[in-house]
Amino acid sequence: MSNEVLSNLMGESDSFPPDQDFAAQANATAALYDEADADREEFWASQAGRLHWDTNWSQVLDWSDAPFAKWFVGGRLNVAYNCVDRHVDDGHGDQVAIHWVGEPGDSRDITYAQLKTDVSKAANALESLGLRPGDRVAIQLPMIPEAIVSMLACARLGLTHSVVFGGFSPAALRSRVDDAAARLVITSDGQYRRGKAAPMKENIDEALAGSESVEKVLVVKRTDTEVPWTEGRDLWWHELVDAQSGEHTPQAFDSEHPLFILYTSGTTGKPKGILHTSGGYLTQAAYTHNVVFDHKPGKDVYWCTADIGWVTGHSYIVYGPLANRATQVVYEGTPNTPHEGRHWEIVQKYKVSIYYTAPTLIRTFMKWGAQIPQGYDLSSLRVLGSVGEPINPEAWLWYRENIGAGKAPIVDTWWQTETGAIMISPLPGVTATKPGSAQKALPGISAKVVDETATEVAHGSGGYLVLDKPWPAMLRGIWGDEQRFRDTYWSRFADEGCYFAGDGAKYDADGDIWLLGRVDDVMNVSGHRISTTEVESALVSHPSVAEAAVVGASDETTGQGIVAFVILRGNVVADEAGSEEAIAALRNHVAKEIGPIAKPRQIMVVPELPKTRSGKIMRRLLRDVAENREVGDVTTLADSSVMGLISAGLKDGK
Ligand code: 6R9
């Protein structure tokens, strides 16, 4: 990266020191870093004290078989007991665990005592089906309480769950069910999406045709949609589960007992089944949820807007918050159903104090306009979080100003399905935050930015993000593929024993970490390394741009040329903004923000951007358009018609 780019970028970054009153009450203190540095294992041992262990561990970490870690060796615990029963035993049975809000407007408040009964009934039901510890259960459900109850019932019985996002195709579900050889699938008749009931069970039947491993399908009634039925295989939740006893005695499992598999896409076509285990995972999920969100049990109302089909839903809806006795909002639907103020209406109603979402949604809120949140009382919000992709400074500042009243600290949390829990993030009340930077590895975590030779780069320089020390919530492997686990994460910097995250990053002059997107998203223009994210940030900082996606398209002279796709803000007339002068102004704006080398070769105005179901922009498809190729496989897009809209718009426009 050229110094010109860096200095421009840094000149842009303000820093927001913590508010004194916030700092005075914060869970985290600067001393945590020293404590962890002094003795990492001792630090994690004390964090594990957040949990109830039936048997204490004899060793904190066994790294002798690296890269296969064992944490809290010999310890035994029940994950569901820790997330539910324990709070009831401690006298908090009447506290609301979940304020559930259905998309059509129905709602349920579930206390910890009720959750204990629900999970016990579900556990009794699963046991009655003959499932044994270690068996795999696939779960494809909308965001309804039964989704969380199912996961916890599995955890309670030592069954390994594999949650598959509700929007995935039958083929995607089938490959996951087969890979894990799941014996049971839990699903629903249908799901509400944008005000309509869409079928779900029908897809499941298509997916499971001829499956060798699946013995039973347990179906929750949600939309009252008519469903195909296979006698002897299919069972209604309300018939099997509701009839069970609400008492169930949990059994303790080994700290390394497999808790879940979660599939994530890799560079090849076959998804990787990321394996997580129990004691270390729950320790880090609980610790990070406590210090990163400054969560106070019994006081805060917490809301993570992710879907349980993603790792964020696992660690920051189910395991972390429930282990910490959170009261949380769980919302079933889309943010603009029935209107664009839905999230703020929910924040106002439940007095949400901690809100955790993704940059793509923040940019969508920007597109809808600040007048929408302004119509609601958001004064309860005191901590805001971001996850999933780099957050551009413009969106960060908008979030702080319009949602956080200019004062709520923003935590930009970097982590992955593989890391299991948050790794790099500011600590609210401790860190002076910088818009666009995830800043520092958390106490107990070690992250570095290195060059090709694994040498740490200087402040002001960029390279690859690596994790050079094992951490409790780290993946324990790829399900059924030991070699792929070693190759994907541990071969690039094998001599140094570092985990390669696949992300580019840089240190600023203060040594703070800025994530630059996946390494394959870093462009090389005339020998200059430029991140797609930086150019996107520059574009979005222009008043007429709502959202931007940037790709490096091959270029005869410069190696790669920068091609940008932009969505305009609602108030900008497309004809005007798409005009030659307006495009030239945008190109110059980028040149001004980052430097002339970052000036896009081409800017195209489009109505939508192609995104995966977890909200990540599929740059591969945009690269196809930019390089005038036929557009590749669109099956993992949330909306497969988007590429058609983009191509049609470009043909009409120019
Ligand atoms: C939790 C989650 C992981 C990838 C990761 C990185 C990107 C996530 C980020 C971020 C910059 C952040 N990512 N959080 N990039 N800043 N705060 O999203 O897991 O779906 O496995 O994605 O997402 O590229 O490598 P997952």
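This is a predicted model: local features need pLDDT of at least 70, side-chain atom pairs count only at pLDDT 80 or more; totals for chains, interfaces and linings use all residues.
Let me start with the ligand: 16 residues surround it, and D412, T413, T417, D503 and R518 are the closest. Residues are numbered from 1 along each chain as its sequence is written, and side-chain values use heavy atoms, with hydrogens and water left out.

Now the polar contacts, meaning pairs of N or O atoms within 3.5 Å; within protein, one atom must be able to donate a hydrogen and the other to accept it, and residues adjacent in sequence count only if both atoms are side-chain atoms. From G388, a backbone N or O atom sits 3.1 Å from a ligand nitrogen atom. D412 places a polar side-chain atom 2.7 Å from a nitrogen atom of the ligand. For T417, an N or O atom of the side chain is 2.6 Å from a ligand oxygen atom. Taken alone, the ligand exposes 530 Å², and the protein buries 91% of that. Those areas come from the Shrake-Rupley method with a 1.4 Å probe; for residues, only the protein chains shown count as cover.

Two elements give two or more residues to the shell: α12 (311-323) and β25 (513-518). Element names refer to DSSP runs numbered from the N terminus, with helices being H or I of at least four residues and strands E of at least two. By class, the shell has 6 nonpolar, 5 polar and 5 charged residues. Here Ala, Val, Leu, Ile, Met, Phe, Trp, Tyr, Cys and Pro are nonpolar, Asp, Glu, Lys and Arg are charged, and the others, Gly among them, are polar.

G388 comes up again with K616. Which residues does K616 contact, leaving aside its neighbours within four places in sequence? They are G388, P610 and K611, contact being heavy atoms within 4.5 Å. K616 lies in the loop between β30 (602-605) and α21 (619-626). An unreviewed UniProt entry lists K616 as "modified residue: N6-acetyllysine"; such annotations may be inferred rather than shown by experiment, feature names are shortened, and positions follow the numbering used here. At a relative accessible area of 41%, K616 is partly exposed. On that scale buried is under 20%, exposed is over 50%, and partly exposed is in between, with a 1.4 Å probe and protein chains only.

Next, backbone geometry. Most residues other than glycine have a negative phi, and most peptide bonds are trans. The bond joining A66 and P67 is cis, with omega about 5 degrees, and P67 is in the loop between β1 (59-62) and β2 (70-73). Another cis bond runs from T337 to P338, with omega near 0 degrees; P338 is in the loop between β17 (327-331) and α13 (342-350).

For positive phi, A181 has a value near 50 degrees. K351 has phi near 55 degrees and lies in the loop between α13 and β18 (354-357). K351 counts as exposed because its relative accessibility is 58%.

Technical notes
A residue is near a molecule or strand if one of its heavy atoms lies within 4 Å of it.
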